[in-house]
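Subject: A structure for you to look at

Hi,

Here is the structure I promised to pass on. Have a look at it first, and then read my notes below.

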Amino acid sequence: MTYFPESASLETGGVILTPNAKALLGVDIGDRVTLDTPAGSYDLRITGFRSGSSRYATDSGTGETSVLLVKGEQVGAFLHVDAFREILATNQDAGSPAYYTQFSEKANAKRTLSEIKTQFPEAKVNEHMILLAAMGASENSMAKNVYPLVIIVCLLVLLAGVLMISGSLNSAIAQRTQFCG
């Protein structure tokens, strides 16, 4: 199980690595890795590895979730936020944090996005247009312009289906009437 202390600092904190780090670096839980930065090096204890079977959970089934995907010979590292901020401050970097929100099926995504934008006016809020457009919750003008087109196409398909069925029935009735009468 992975563990981050309540008040993590670089001396007491640890790091969670992506599963490929075991093979690439030859390390295991409890070993130490060095993170090199322009302001110096940091010695971190490995407290866990992300689960190889899931993109989002640690081996214990809980823990850090992220959109971090690594390829090839890249290794991803997950630090406690306080330790990460300490490294940024030491390197005189303000950072540019990004937060990702996943809505449950029952959430009102449109209203919640609006609340987030009003609560954090300085934040740049991006949305996954395709997913939100499919839910009808997108504020994107392009997605809004597609809705009427989709309705028209659906009506045309429905009309074509009704005409095909009625034409087929009329043809069958005409053939039977001719046969019987």
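A quick definition to begin with: a residue is called buried when its relative accessible area is under 20%, exposed when it is over 50%, and partly exposed in between (1.4 Å probe, protein chains only). Please keep in mind that this is a predicted model, where local features need pLDDT of at least 70, side-chain atom pairs count only at pLDDT 80 or more, and totals for chains, interfaces and linings use all residues. Residues are numbered from 1 along each chain as its sequence is written, and side-chain values use heavy atoms, with hydrogens and water left out.

How confident is the predictor? Its confidence in each residue is the pLDDT, which runs from 0 to 100. The protein chain has an average pLDDT of 77, and 80% of the residues reach at least 70.

Now to the inside. A nonpolar core is a set of buried Ala, Val, Leu, Ile, Met, Phe, Trp, Tyr and Cys residues joined through side-chain atoms within 4.5 Å. The largest one here has eleven residues, including Val15, Leu17, Val27, Tyr42 and Phe49. Strands E1 (14-17) and E3 (40-49) are the elements that each give two or more residues to this core, and E3 supplies the largest share, with four. (Strands are DSSP runs of E with at least two residues, helices are runs of H or I with at least four, and both are numbered from the N terminus.)

Apart from neighbours within four places in sequence, Val27 is in contact (heavy atoms within 4.5 Å) with Leu17, Ala21, Lys22, Val33, Ile46 and Phe49.

Which charged side chains pair up? There are two salt bridges in the structure, a salt bridge being a side-chain nitrogen of Lys or Arg within 4 Å of a carboxyl oxygen of Asp or Glu.

- Asp43 pairs with Arg32, with 2.6 Å between the closest N and O atoms. Asp43 sits in strand E3 and Arg32 in strand E2 (residues 32-37), so this pair links parts eleven residues apart in sequence. Asp43 is partly exposed at 39%, and Arg32 is partly exposed at 43%.
- Glu115 pairs with Arg111 at 3.5 Å, N to O. Both belong to helix H3 (residues 109-119), and being four residues apart they are separated by about one helical turn. Glu115 is partly exposed at 41%, as is Arg111 at 48%.

Happy exploring!

Methods. pLDDT = per-residue confidence, 0-100.
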